[in-house]
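Dear colleague,

I am passing on the structure we spoke about, and below it I have set out what was found. Please read the notes with the model open beside them.

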Amino acid sequence: MPSDTLAHDPVTAPPADVLPIVPQRRRGQWAAAVVVLALLALVVDSVLRNDAFQWDVVAAYFTSDSVLRGLWLTLWLTAVVMVLGFGLGTLLAAFRLSANPVLRAVSWGYVWLFRSIPILVQLLLWFNIGALYPVLFGVKTVDLLGPVTVAIVGLTLHEAAYAAEVVRGGILSVDPGQIEAAQALGLSRWRRWRRIILPQAMRAIVPPAGNMLIGALKGTSIVSVIAVNDLLFSTQLIYHRTYQVIPLLMVATLWYTVVTSVLSVGQYYVEKRYARGTERTR
């Protein structure tokens with residue numbers, strides 16, 4: 001009997017568990033990986049061997065007092081802006097979901113306005129608010145709104161517009177049927193929010209909120225234009241005196257990278273916590 005007939009004969013064919021398993025060859029993917037690793041190695045080698053980076057200067061200023069003070073102000077400013085921004089954003093999201101048309105219109109208008117104006121323009125407007133209102137609440141605006149206060153106000157109002165949409169989207173992601181079931185069981189409004197709505201809404205809120213936190217951290221560098229002594233402004237003060245521009249910029253870059261990496265790890269574990277019991281748990 002021919003071999004091809006034997007192979008297709010259901011009686012004489014070998015069992016399936018005896019057939020050899022040949023893994024799929026992915027030559028293209030491996031070749032692409034080798035090329036990418038080679039290019040990455042060339043980039044890293046060029047950075048480490050390039051004397052223009054002056055890594056000894058970077059090491060000398062990396063933990064200097066002025067840089068650490070700027071880093072602390074950057075972290076403090078990020079925390080304050082995120083807390084106030086999400087607090088105001090949550091209120092705006094509640095307005096947007098309200099049955100009151102006036103509150104919905106006010107919330108929509110706020111989000112539309114502050115998402116339309118670039119953050120740099122907003123900061124400069126607040127910084128020059130004295131030209132429009134020299135006196136507010138009986139106090140001169142020069143004394144009322146210093147650079148740090150202007151940074152907090154401008155960044156908070158800007159972040160609140162985005163936080164409002166993040167919170168609103170998270171609340172809308174909860175199945176309305178679960179809310180109706182909770183109402184049918186007689187749960188109070190507070191218990192419905194605490195036990196049903198918020199835990200599920202947080203699954204949709206945490207990822208974009210984490211991105212906003214990292215974006216706010218990097219976005220604080222823009223306050224250097226109004227002379228707030230943050231991390232970037234601290235390094236600028238140094239290289240304006242020493243003319244070592246590249247190494248001081250690398251100091252700021254490395255600190256932003258370190259803090260962003262820590263925040264990314266924290267975001268991963270927070271997402272993992274709120275994803276428990278779902279298919280997204282990893």
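Which residues of helix α6 (residues 119-127) are buried? In this model, which is a predicted one, the buried residues of α6 are I119, Q122 and L123. Seen down the axis of α6, these buried residues fall within an arc of 95 degrees, so they line one face of the helix. Among the elements that cover them are α5 (101-116) and α8 (147-172).

Helix α5 also contains A105, which counts as partly exposed because its relative accessibility is 46%, a value between the cut-offs of 20% for buried and 50% for exposed. Between A105 and F95, which are 10 residues apart in sequence, the C-alpha to C-alpha distance is 8.5 Å.

Sorted by class, the contact of α10 with α12 has 12 nonpolar, 5 polar and 2 charged residues.

As for annotation, the unreviewed UniProt entry places "domain: ABC transmembrane type-1" on residues 71-264. Over residues 71-264 the chain of the model is 79% helix and 2% strand, with the end C-alpha atoms 18 Å apart.

Note on methods
Residues are numbered from 1 along each chain as its sequence is written. This is a predicted model: local features need pLDDT of at least 70, side-chain atom pairs count only at pLDDT 80 or more; totals for chains, interfaces and linings use all residues. Side-chain values use heavy atoms; hydrogens and water are left out. Ala, Val, Leu, Ile, Met, Phe, Trp, Tyr, Cys and Pro count as nonpolar, Asp, Glu, Lys and Arg as charged, and the others, Gly among them, as polar. UniProt positions are given in the numbering used here, feature names are shortened, and annotations may be inferred rather than shown by experiment. Helices (H or I, at least four residues) and strands (E, at least two) are DSSP runs, numbered from the N terminus. Buried means under 20% relative accessible area, exposed over 50%, partly exposed in between (1.4 Å probe, protein chains only). The arc is that of the directions from the helix axis to the C-beta atoms. Contact means heavy atoms within 4.5 Å.
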